[in-house]
Amino acid sequence: MSDLGMMHYFLGIEVVQSTNGIFISQKKYVQDILDKFRMKDCNPVSTPTEFGLKLNKDHEGKKVDSTRYKQIVGSLMYLTATRPDIMYYVSLISRYMENPTHLLAAKRILRYLQGTRDFGLFYKKGEKLELFRFTNSDYAGDQDDRRSTSGYVFMLGTGAVSWSSKKQPIVTLSATEAKFIAATACACQAIWLGSILEELQFKQDEATIVFCDNNSAIKLANNPVLHGRSRLIDVKYYFLRDLSNDGTIKLVYCRSEDQVTDIQTKPLKLATFVKLCGLLGVWSRAAVKEDFAEG
């Protein structure tokens with residue numbers, strides 16, 4: 001076995017380490033994607049999609065090359081390993097691979113990457129290493145089956161370490177139900193991450209805090225009484241109540257404007273998108289150059 005020193009490159013992920021923190025990105029991979037799909041000279045845009053964009057199964061729309069569309073989606077999926085800022089948008093276009101008509105939406109993501117090639121996640125040294133989560137949902141956001149989109153983000157220190165954007169498996173009848181289901185998915189991931197961190201000698205004795213911007217969902221997690229807003233929720237989702245009651249999970253209210261997971265559930269205005277990218281720890285290498293200057 002040879003000691004090759006500090007890691008700099010692994011499976012397409014570039015790693016810069018210094019005494020001030022760690023920065024991971026996939027700049028070369030982004031360049032390869034743009035070259036592969038002939039977008040290296042495209043005009044950059046500030047967000048991965050237009051604000052308020054709604055996609056649906058447009059059977060009357062112009063069909064595009066299915067193989068090419070799937071290649072774009074697959075390539076972008078691997079990029080989400082270091083780019084939580086595009087997770088929702090990649091998840092959205094992946095819903096239409098069977099009968100693709102949304103090539104422009106896919107190219108819009110590539111145009112966003114053109115202007116953010118050197119973006120990545122920065123984990124600053126010296127910050128308190130406390131694991132906390134944000135969870136949210138976009139109620140009935142899918143235009144075809146009216147299912148909601150669940151999203152969660154796990155933060156450790158200054159950067160995100162786990163994130164998800166996924167359409168819910170059932171149709172919900174209220175925003176409370178949708179957010180409750182999203183919080184349950186987040187809680188399941190929290191247990192798994194907690195066990196991983198415990199193996200790494202990082203055990204949290206206190207309840208894991210999960211931030212949610214819906215008071216009704218928080219009350220539902222703590223109150224065993226069923227009511228009209230939750231009577232149709234599948235039994236398995238009440239797993240969240242057990243975790244809340246035994247102190248494993250603690251749901252805490254946060255303002256909608258501070259809800260980091262919005263970036264995983266819906267298209268956003270530019271100002272909000274940029275703000276949430278910063279809260280996730282997604283920065284350009286130039287923006288944090290002074291913090292991780294190699295020494």
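Is the crossing of H5 and H6 left-handed or right-handed? Keep that in mind while you get set up; the answer comes at the last stop.

**Before you click**

This is a predicted model, in which local features need pLDDT of at least 70 and side-chain atom pairs count only at pLDDT 80 or more, while totals for chains, interfaces and linings use all residues. Residues are numbered from 1 along each chain as its sequence is written, and side-chain values use heavy atoms, with hydrogens and water left out.

Colour by pLDDT, the predictor's confidence in each residue, from 0 to 100. The protein averages 84, and 91% of the residues score at least 70. Helix H1 (residues 27-36) has the highest confidence, at a mean of 94, and helix H7 (residues 239-245) the lowest, at 78. Where pLDDT is low, the predicted coordinates should not be read in detail.

The H and E labels are DSSP runs numbered from the N terminus: helices (H or I) have at least four residues, strands (E) at least two.

**Stop 1**

Select H1 together with helix H2 (residues 66-79). Their axes come within 11 Å and cross at roughly 170°. (Axes are lines fitted to C-alpha atoms, for helices over the stretch in contact, and angles run from 0 to 180 degrees between N-to-C directions.) That makes H1 roughly antiparallel to H2; the cut-offs are under 35 degrees for roughly parallel, over 145 for roughly antiparallel, 65 to 115 for roughly perpendicular, and oblique for the rest.

Now show side chains. Tyr-29, Val-30, Ile-33 and Lys-36 in H1 meet Ser-75, Tyr-78 and Leu-79 in H2, where contact means heavy atoms within 4.5 Å. By class, this contact has 5 nonpolar, 1 polar and 1 charged residue. (Ala, Val, Leu, Ile, Met, Phe, Trp, Tyr, Cys and Pro count as nonpolar; Asp, Glu, Lys and Arg as charged; the others, Gly among them, as polar.)

H2 passes H4 in a left-handed crossing, meaning that the near helix is turned anticlockwise from the far one by less than a right angle; clockwise would be right-handed. On the H2 side, pick Tyr-69, Ile-72, Leu-76 and Leu-79; they meet Leu-103, Ala-106, Ile-109, Leu-110 and Leu-113 in H4. The tally for this contact is 9 nonpolar, no polar and no charged residues.

**Stop 2: the antiparallel sheet**

Switch to strands. An open sheet of 5 strands runs E1-E2-E3-E4-E10, with antiparallel pairing. Strand E1 (9-10) and strand E10 (282-284) are at the edges, each with a single partner strand, so one side of each is left without a neighbour in the sheet. Two strands pair if DSSP finds at least two bridges between them. Strand E4 (residues 119-124) and E10 pair over 3 bridges; zoom in there to find Gly-120 opposite Trp-283 in E10.

**Stop 3: the mixed sheet**

Next comes another open sheet of 5 strands, in the order E7-E6-E5-E8-E9, with mixed pairing. Its edge strands are E7 (159-167) and E9 (249-253), each pairing on one side only. Neighbouring strands are turned by 20° against each other on average, direction ignored.

Strand E6 (residues 149-156) and E7 pair in the antiparallel sense over 8 bridges, and Thr-149 has Lys-167 in E7 as its bridge partner. The two strands form a hairpin with 2 residues between them, and Gly-157 in the turn has a positive phi of about 75°.

Move over to strand E5 (residues 131-138), which pairs with strand E8 (residues 208-212) in the parallel sense over 2 bridges. Arg-133 stands opposite Val-210 in E8. H6 packs on the sheet, touching E8 and E9, and its direction makes about 155° with that of E9.

Which residues does Phe-132 touch? Select Phe-132, in strand E5, and you'll see Val-153, Phe-154, Met-155, Ile-209 and Phe-211, not counting residues up to four places away in sequence.

**Stop 4: H5 and H6**

Finally, select helix H5 (residues 175-199) and helix H6 (residues 215-222). They pack at about 60°, with axes 8 Å apart, and are therefore oblique to each other. The opening answer: their crossing is right-handed. Thr-176, Lys-179 and Phe-180 in H5 meet Ser-216, Ala-217, Leu-220 and Ala-221 in H6. That contact divides into 4 nonpolar, 2 polar and 1 charged.
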